[in-house]
Structure formats: C-alpha cells, structure tokens
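Here is a friendly walk through one protein chain. Take a look at the model, and then read on with it in view.

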Amino acid sequence: MPTWFCSRDWFQRIGTFDEGGKGVPEDLLWFYQSVGQGGGVVRVDQCLLVYRYHQQAATHSVLEETIWNLRVAFLQERVINQWESFTIWNAGKQGRKLYRCLSSFNQKKVLAFCDVDENKIKKGFYTYEESKERPKPQIPVLHYRDASPPYIICVKLDMTGGVFEENLKSLHLEEGVDYYHFN
C-alpha cells in the first residue's frame, strides 16, 4: 500500500483532513490539496513502514467508485487538460473504463488505445457503445510500438513478470513527461 509523509509545517499550511464522516477519503483529498498547492512527491522504492488495518477500519467505508472518480478528476485537472492528445496504454477493462469516465472534451483527445494483446489489436478499434454520439466513437487499438506518446498507462506494475516494464523501458520515455501511470 503506498503511503506518504510530510513535515508538520507543511501539514499545518495545507490544513486538517476533511472529517466529513464515513465514506470520505480524507487522506486522498488532503494529498490532492497538497499537490495542488505545490507539494512535491518523491517515490521511494523501498519499504519504510508497515501499515496494519482491521475490518472495522474507516478505510473500508470508502467506496471504490468514490476513489476512482476523485483520481480521474485529478488526472484530468493536472495532466490531461494540459495535453492536446494522448494514448491510453491498455485496451482492456481498465483502459476502457478510464476512457468512459473522461469528460467528452478529453475523450476527443484520445488518439488510440495501445496494447500487446493480438486479439484486441486485430479488431482494430474500440467502439464506445454507451456514447450518445452518432456515429458512435471508434478509437483505434494499436500495438504499443506503433502508438504515440504521451501515454496514460492503465497497466499494473509487477504483474507480467517484467514484460510490461521491459516494453515500456524499450521506448526510452520519461515518466511525468511522456507518460503517467494510472493503475
């Protein structure tokens, strides 16, 4: 489970958590507020603490959909709204879900989905069936080597025995410039 920490001065500058009650992801809201006010983020790739929780923990009252919607809103505000176009890396369930949750303005910025699954690539496109537009939007599905950055990557790390990570590394991209992970 990823976690974060900051100085007491920074915490007091940002303010207290939203204590709106059960179902409010107060730590995530605070984190987004911190980033919005210029708070930095540095990834540390080692375990610094062990987090334990129990079945009565408040974290279980926060709906997955609530977290998802906040994350998508933050991603659009901080990243996608700044881009003219982009590619979603994953033509599967998570990539399509992200596409469907984007604002219609940002959906139009999606150049393509990219993937390694030959069946998805052979089909050639994803049709957004729930769209009210006519004709329904059809977004190309390309092999990752044929797609163009920037990317929003909807692939979980450490799930492919290193294959995904090697594919990404082979493109010589810079995280935070050419791609962002959203998984």
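This is a predicted model: local features need pLDDT of at least 70, side-chain atom pairs count only at pLDDT 80 or more; totals for chains, interfaces and linings use all residues.

**The whole chain**

The protein chain holds 7 helices and 6 strands. The C-alpha trace spans about 50 × 40 × 35 Å along its principal axes. There are 183 residues, and 34% of them count as buried. The accessible surface is about 12,400 Å², with 51% of this belonging to carbon and sulfur atoms. If you take contacts between residues at least 6 apart in sequence, 66% of them join residues at least 24 apart. The chain also carries 22 positive and 23 negative charges, whose mean positions are 5 Å apart.

**The sheet**

In what order do the strands of the open sheet lie? The order is β3-β4-β2-β1-β5-β6, and the pairing is mixed. At the edges are β3 (125-127) and β6 (179-181), each of which pairs on one side only. On average, neighbouring strands are turned by 25 degrees against each other, direction ignored.

| Strand pair | Bridges | Direction | Opposite residues |
|---|---|---|---|
| β1 and β2 | 4 bridges | parallel | W89 and C114 |
| β2 and β4 | 3 bridges | parallel | F113 and V141 |
| β3 and β4 | 3 bridges | antiparallel | F125 and P140 |

Which helix packs on this sheet, touching β1, β2, β3, β4 and β5? Helix α4 (residues 93-101) does, and its direction makes about 165 degrees with that of β2.

**Helix α2**

Now move to α2, which covers residues 26-36. In this helix L28, W30, Y32, S34 and V35 are buried. The cover over these buried residues includes α1 (8-14) and α3 (64-78). Just after α2 comes G38, with a positive phi of about 95 degrees.

**Some backbone details**

Most residues other than glycine have a negative phi, and most peptide bonds are trans.

N90 has a positive phi, near 140 degrees, and is not a glycine. Is N90 buried or exposed? Its relative accessible area is 15%, and the cut-off for buried is under 20%, so N90 counts as buried.

H172 is not a glycine either, yet has a positive phi of about 55 degrees. Its place is the loop between α7 (163-170) and β6. With a relative accessible area of 71%, H172 is exposed, because that word applies over 50%.

Where are the cis peptide bonds described here? One runs from R134 to P135, with omega near -5 degrees, and P135 sits in the loop between β3 and β4. Another joins P149 and P150, with omega about 0 degrees. The loop that holds P150 lies between β4 and β5.

Note on methods. Residues are numbered from 1 along each chain as its sequence is written. Side-chain values use heavy atoms; hydrogens and water are left out. Two strands pair if DSSP finds at least two bridges between them. Helices (H or I, at least four residues) and strands (E, at least two) are DSSP runs, numbered from the N terminus. Axes are lines fitted to C-alpha atoms, for helices over the stretch in contact, and angles run from 0 to 180 degrees between N-to-C directions. Contact means heavy atoms within 4.5 Å. Buried means under 20% relative accessible area, exposed over 50%, partly exposed in between (1.4 Å probe, protein chains only). Accessible areas come from the Shrake-Rupley method with a 1.4 Å probe; for residues, only the protein chains shown count as cover. Lys and Arg count as positive and Asp and Glu as negative; His and the chain ends are not counted. The place of a charge is taken as NZ of Lys, CZ of Arg, CG of Asp or CD of Glu.
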